[in-house]
Amino acid sequence: MAENRQYDHEYKVQAVKLAIEIGQAKAAKELGIPKNTMYGWVRANRLGNLSA
């Protein structure tokens with residue numbers, strides 16, 4: 001069963017910056033987080049809900 005993990009704001013911001021540099025799927029794989037989680041953070045950043 002999947003773990004329900006909590007990530008702090010700074011981790012999300014750094015992950016989004018990495019995703020912008022190298023791509024979302026590659027960043028998610030490198031960080032060991034689900035792709036859907038990364039896509040959600042990038043989308044939140046784009047909508048202004050996560051300031052990266």
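This is a predicted model: local features need pLDDT of at least 70, side-chain atom pairs count only at pLDDT 80 or more; totals for chains, interfaces and linings use all residues.

Residues are numbered from 1 along each chain as its sequence is written, and side-chain values use heavy atoms, with hydrogens and water left out.

The largest nonpolar core has 13 residues. A nonpolar core here is a set of buried Ala, Val, Leu, Ile, Met, Phe, Trp, Tyr and Cys residues joined through side-chain atoms within 4.5 Å. Buried means under 20% relative accessible area, exposed means over 50%, and partly exposed is in between, with a 1.4 Å probe and protein chains only. Ile33, Met38 and Trp41 have the most contacts inside this core. Two or more residues of the core are given by each of α1 (9-22), α2 (24-31) and α3 (35-46); the largest share, 5 residues, comes from α1. Helices (H or I, at least four residues) and strands (E, at least two) are DSSP runs, numbered from the N terminus.

Is Trp41 buried or exposed? Its relative accessible area is 9%, so tryptophan 41 counts as buried. Beyond its neighbours within four places in sequence, Trp41 is in contact (heavy atoms within 4.5 Å) with Tyr7, Tyr11, Lys12, Ala15, Val16, Ile33 and Leu50.

Two of these partners bring in the rings. The structure holds 3 aromatic pairs. Rings of Phe, Tyr and Trp (its six-membered ring) pair if their centres lie within 6.5 Å; planes under 30 degrees apart count as stacked, over 60 as edge-to-face and the rest as tilted. Tyr7 and Trp41 have ring centres 5.1 Å apart and planes at 80°, so this pair is edge-to-face. Because Tyr7 lies in the segment before α1 and Trp41 in helix α3, the pair ties together parts that are 34 residues apart in sequence. Tyr11 and Trp41 also form an edge-to-face pair, at 6.2 Å centre to centre and 85° between the planes. Here the pair ties together parts 30 residues apart in sequence, because Tyr11 lies in helix α1 and Trp41 in helix α3. Tyr11 is partly exposed, with a relative accessible area of 30%. Ring pairs link Tyr7, Tyr11 and Trp41 into a cluster.

Next comes the helix pair. α1 and α3 pack at an angle of about 90°, with their axes 10 Å apart. Axes are lines fitted to C-alpha atoms, for helices over the stretch in contact, and angles run from 0 to 180 degrees between N-to-C directions. The angle makes α1 roughly perpendicular to α3, where angles under 35 degrees count as roughly parallel, over 145 as roughly antiparallel, 65 to 115 as roughly perpendicular and the rest as oblique. From α1, Tyr11, Lys12, Ala15, Val16, Ala19 and Ile20 meet Met38, Trp41, Val42 and Asn45 in α3.

Ala15, in helix α1, is buried at a relative accessible area of 2%. Its contacts, leaving aside neighbours within four places in sequence, are Leu31, Met38 and Trp41. Ala15 and Met38 are 23 residues apart in sequence and 7.7 Å apart in space, C-alpha to C-alpha.

Ala25 is found in helix α2 and counts as partly exposed at 37% relative accessibility. Not counting residues up to four places away in sequence, Ala25 touches Lys35 and Tyr39.
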